[in-house]
Protein chains: 2
Amino acid sequence: METLRERKKQRTREALLRAALELFTTRGYERTTIDDVADAVGVSQRTFFRYFAGKEEAAFAVQDLVEERFVAAVRARPAGETPLEALRHALTEGWDRLSEDVEDVVPVELYLRMYRLIESTPVLLAAHLRRSADTEDRIARVLAEREGLDVDADPRPRIAVAAFGGVMRVTERQWSLGEDFSLAAIRALTTAYLDQVGPALTGNWRAL
Amino acid sequence: METLRERKKQRTREALLRAALELFTTRGYERTTIDDVADAVGVSQRTFFRYFAGKEEAAFAVQDLVEERFVAAVRARPAGETPLEALRHALTEGWDRLSEDVEDVVPVELYLRMYRLIESTPVLLAAHLRRSADTEDRIARVLAEREGLDVDADPRPRIAVAAFGGVMRVTERQWSLGEDFSLAAIRALTTAYLDQVGPALTGNWRAL
DNA sequence: TTGTCAATTGTCAGCGGCTGTCACTAGCCT
DNA sequence: AGGCTAGTGACAGCCGCTGACAATTGACAA
């Protein structure tokens with residue numbers, strides 16, 4: 001049983017987040033003022049900053065949730081899988097559950113629009129890449145633990161995750177530049193690109 | 001023969017860059033004000049912004065130069081090398097020439113200090129990662145051209161570069177966290193980590 | 001050398017992100 | 001009902017950054 005106060009706070013935060021993403025994706029990130037967001041909700045600018053550390057944090061609120069799920073999914077993979085199998089399966093499984101997880105917070109369609117905006121807004125892309133780096137670090141730790149290794153002594157977990165992450169970046173980018181902005185599209189790209197890692201790294205591309 | 005005006009401009013820009021990097025690396029990036037930099041050189045804040053598009057651009061001025069050289073080095077690699085050989089050789093060759101290239105602008109030691117600051121300052125790391133993404137895109141185009149492929153049709157150039165770039169990121173990170181901040185140290189790390197890509201991606205780490 | 005023109009700079013005003021402060025309001029709890 | 005405190009709004013102010021305009025300084029020709 002939650003108190004009225006808490007429910008009110010929850011609603012304010014949700015309203016701010018929704019208004020922010022809606023304005024960002026329609027008007028553009030830079031062209032949206034915190035005052036715009038606050039006004040849309042009927043709250044002072046100062047209040048926005050009591051719920052979000054900054055403009056950026058609002059933009060990534062949903063993305064944070066998704067990445068959290070991904071880390072958990074990797075951790076939950078059966079020990080029998082090799083590190084790369086675990087990553088790959090956690091990823092595809094993630095796409096399948098994404099709708100349900102996200103829909104509690106905002107419409108999935110809004111999330112996907114925001115995702116594309118991140119990709120096309122330099123300052124947001126920069127923030128995204130840094131956050132991804134943090135996530136990759138956490139995943140490297142998970143993999144190391146699965147394999148009983150010390151992340152700081154053995155570079156292989158980080159290297160594997162970094163290579164994997166690099167491929168994911170290319171996937172995101174291609175997806176955001178394409179025409180099909182569905183979950184199915186990004187899932188298809190993911191598997192296709194992961195299948196290309198071997199060929200891309202070994203040898204001579206002209207041979208094929 | 002360059003005009004006095006041009007020489008003056010050149011000196012102002014150089015002074016601003018030096019003052020900025022010096023202040024950034026001693027006082028910290030966020031704790032350094034543009035006014036601090038401008039005052040240190042004896043010009044107005046407005047003038048700083050006439051030489052640099054923003055605080056960030058000053059922080060990355062030298063790094064830009066280094067990455068430019070790297071792209072050129074990849075382009076100059078003999079056609080016989082496989083894509084990954086070309087990347088690797090361009091990289092190690094880059095470390096060798098770095099001192100000479102950088103020293104024209106600022107002391108190498110200052111550049112290395114700045115490089116570490118970038119790693120440890122979130123907002124700078126974010127900017128660095130985004131710039132790296134741009135550079136990787138350009139390199140993917142170079143590789144595709146070398147192999148006679150269409151970057152937008154064949155994902156392998158981008159995937160290979162992304163994986164390679166991921167490993168470089170891990171290298172940079174480890175170097176900046178270590179104790180030996182010499183060029184020799186980062187060169188050694190680079191080759192060691194690149195040798196680990198194969199083992200890290202194939203199979204089972206416990207077997208070794 | 002001097003006067004004219006153009007490039008460079010300083011000053012000022014202002015916007016937007018963000019923070020500290022403080023008084024006020026509204027929910028909580030006895 | 002009344003005291004307590006979490007949450008809010010209003011205000012002031014810092015910093016990054018930009019536009020506008022006037023003042024200055026070098027370039028170049030007469």
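Residues are numbered from 1 along each chain as its sequence is written, while chains are lettered from A and ligands numbered from 1 in the order in which they are written. Because the model is predicted, local features need pLDDT of at least 70 and side-chain atom pairs count only at pLDDT 80 or more, whereas totals for chains, interfaces and linings use all residues; side-chain values use heavy atoms, with hydrogens and water left out.

Me: What area do chain B and chain A bury between them?
Reply: Contact, meaning heavy atoms within 4.5 Å, joins 39 residues of chain B to 39 residues of chain A. Buried area is the accessible area (1.4 Å probe) that two parts lose on being put together, summed over both. Carbon and sulfur atoms carry 72% of it, and the area that chain B and chain A bury is about 3,600 Å².

Me: Which residue of chain B meets A:Asp137 in a salt bridge?
Reply: A salt bridge here is a side-chain nitrogen of Lys or Arg within 4 Å of a carboxyl oxygen of Asp or Glu. The count between chain B and chain A is 2. In one of these the distance from N to O is 3.7 Å, and the partner of A:Asp137 is B:Arg173.

Me: Which helix gives the most to the side of chain B that touches chain A?
Reply: Helices are DSSP runs of H or I with at least four residues, numbered from the N terminus. On this side of chain B, at least two residues each come from α5 (83-103), α7 (122-147), α8 (156-177) and α10 (197-201). With 12 residues, the helix that gives the most is α8(B).

Me: How many charged residues does the surface near DNA strand D have?
Reply: A residue is near a strand if one of its heavy atoms lies within 4 Å of it, and 22 residues surround DNA strand D, with A:Lys9 and B:Lys55 among the closest. Asp, Glu, Lys and Arg count as charged, Ala, Val, Leu, Ile, Met, Phe, Trp, Tyr, Cys and Pro as nonpolar, and the others, Gly among them, as polar. Besides 6 nonpolar and 7 polar residues, the number of charged residues on this surface is 9.

Me: How far is a polar backbone atom of B:Lys55 from a phosphate oxygen of DNA strand D?
Reply: Sugar or phosphate accounts for 59% of the atoms of DNA strand D within 4 Å of the protein. For the polar backbone atom of B:Lys55, the distance to a phosphate oxygen is 2.7 Å.

How values were computed. A polar contact is a pair of N or O atoms within 3.5 Å; within protein, one must be able to donate a hydrogen and the other to accept it, and residues adjacent in sequence count only if both atoms are side-chain atoms.
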